[in-house]
Amino acid sequence: MADHRSLPLTDLSEEEKLFRDTVRSFAHEEIRPLVSQMDHDAKMPRDLIDACFELGLMGIEIPESFGGAGSTFFMSVLVVEELARVDASVAVLVDVQNTLFNNALLRWGTEAHKAKYFPNLATKWVGAYALSESGSGSDAFALTCKAIDRGDHYELSGQKLWITNAMEAELFIVIANADPSKGYKGITAFLVEKGTSGFTIGKKEDKLGIRASSTCELIFDGCKIPKENVLGEVGKGYKIAIETLNEGRIGIAAQMVGVAQGAYEHALKYAQERKQFGKEIAEFQAVQFELSNMAMQIEASRLLTYNAARLRDTGAGFIKEAAMAKLFASRTAEYVASKAIEVFGGNGFTKEYPVEKYYRDQKVGQIYEGTSNMQLMVIAKQILGKMTT
């Protein structure tokens, strides 16, 4: 196992640089012209999703034998960061696909699952990860969604809330309790295809930020799931949920680094264009200090995020590092986006300029895939040596 102290962080391989630069060009040329309209419409064009597939962004770790890129988790982090510099909604679409859905299927799917689903997930199918319910947010295992064993199949009944990618997804990982008498040890993960009888997409949320990313309710009413669609083992869904979210937090950290970077770049450019009292506002020390603080916090967030991703790729422990990265990067995104609006002044408070959207988009980083308080709890357990999962 590699010593994480010797791992490169901001140093990228030539392959990583090339892929990052390709995604950066794609984001600026293909996504940026659509950002304002997508935010207004709260919808992502299917053509843009298809373009993400064509560029290989939706199957980064999927093996080449199944049509994927066969690359690393770290590459997913680079992609999410670059997309979020331009639009956080597209970033989270790609993030959930790679760091949650594909990652879970890679680790716990059978060979039959992989052969059946990966070719589609690499080329045209969006995936969604369904854990949260109205009464189980931070208390993730207070699930009421049940899976009843009917002999040759399971019957799912219940609801899921706040499910990212739900409107576009063709395949869902659904976490339900197959034996409530066993508590969390009854929790099981299922692969559920769109169109399955008894499964419908419910209300789409009207959100503050990441508006082009769909967030919906899922409704299961006697939904019949073949037993071969159990992901992992019956009763081990809690393990899948915990371990997948630990990795997913690194993706959210990358999204927040990208949001902060995008807001900062707009502020830096504006500060060198806007004139007051006969000179650019970037010449005032107060503005310089704000820009310096923004740049410093972004770099610190990036280092935390890259370190967690590198550790994950080497097989080293990364739970604490992932929680730290998500917590710090989400705080940084809030700080930087807020200060960017202040640099813009009154213009920053209007939708005519881009920074107000970065401010709206960043807030969810402190909520989904584990709130900031949950990250603090994880960090505390790690540093006190009491982590039991």
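Reply: In this predicted model, Gln 362 has a relative accessible area of 1%; the cut-off for a buried residue is under 20%, and Gln 362 is therefore buried. Gln 362 belongs to helix 10. Leaving out residues up to four places away in sequence, Gln 362 touches Met 256, Val 259, Ser 330, Ala 333, Glu 334 and Ala 337.

Helix 10 covers residues 355–362, and because seven of its eight residues are buried, helix 10 is largely enclosed by the rest of the structure. The buried residues are Val 355, Glu 356, Lys 357, Tyr 358, Arg 360, Asp 361 and Gln 362. Their packing partners are helix 2 (35–41), helix 4, helix 5 (88–108), helix 7 and helix 9 (319–344).

Two of these partners, helix 4 and helix 7, also meet each other. In general, a packed pair of helices is described by the angle between the axes and the distance between the axes. For helix 4 (residues 73–86) and helix 7 (residues 237–271), the axes come within 7 Å and cross at roughly 35°. The crossing of helix 4 past helix 7 is right-handed. On the side of helix 4, the contact is made by Phe 73, Val 77, Val 80, Glu 81, Ala 84 and Arg 85. Helix 7 contributes Glu 247, Ile 250, Gly 251, Ala 254, Gln 255, Val 257, Gly 258, Val 259, Gln 261, Gly 262 and Glu 265. By class, the residues of this contact comprise eight nonpolar, five polar and four charged. Val 259, on the helix 7 side of this contact, is also one of the residues touched by Gln 362.

Helix 5, another packing partner of the buried residues of helix 10, is itself mostly covered, with 19 of its 21 residues buried. From its first C-alpha to its last, helix 5 reaches 28 Å, close to the 30 Å expected at 1.5 Å a residue. Helix 5 also bends by about 30° at Asn 102.

Within helix 5 lies Val 92, which is buried with a relative accessible area of 1%. Apart from neighbours within four places in sequence, Val 92 is in contact with Thr 164, Asn 165, Ser 213, Gln 255 and Tyr 368. Among these, Gln 255 also takes part in the contact of helix 7 with helix 4. Val 80, a helix 4 residue of that contact, lies twelve residues from Val 92 along the chain, and their C-alpha atoms are separated by 7.3 Å.

Notes:
Residues are numbered from 1 along each chain as its sequence is written. This is a predicted model: local features need pLDDT of at least 70, side-chain atom pairs count only at pLDDT 80 or more; totals for chains, interfaces and linings use all residues. Side-chain values use heavy atoms; hydrogens and water are left out. Axes are lines fitted to C-alpha atoms, for helices over the stretch in contact, and angles run from 0 to 180 degrees between N-to-C directions. Helices (H or I, at least four residues) and strands (E, at least two) are DSSP runs, numbered from the N terminus. A crossing is left-handed if the near helix is turned anticlockwise from the far one by less than a right angle, and right-handed if clockwise. Contact means heavy atoms within 4.5 Å. Ala, Val, Leu, Ile, Met, Phe, Trp, Tyr, Cys and Pro count as nonpolar, Asp, Glu, Lys and Arg as charged, and the others, Gly among them, as polar. Buried means under 20% relative accessible area, exposed over 50%, partly exposed in between (1.4 Å probe, protein chains only). The expected span of a helix is 1.5 Å times one less than its number of residues. The bend at a residue is the angle between axes fitted to the seven residues ending there and the seven starting there.
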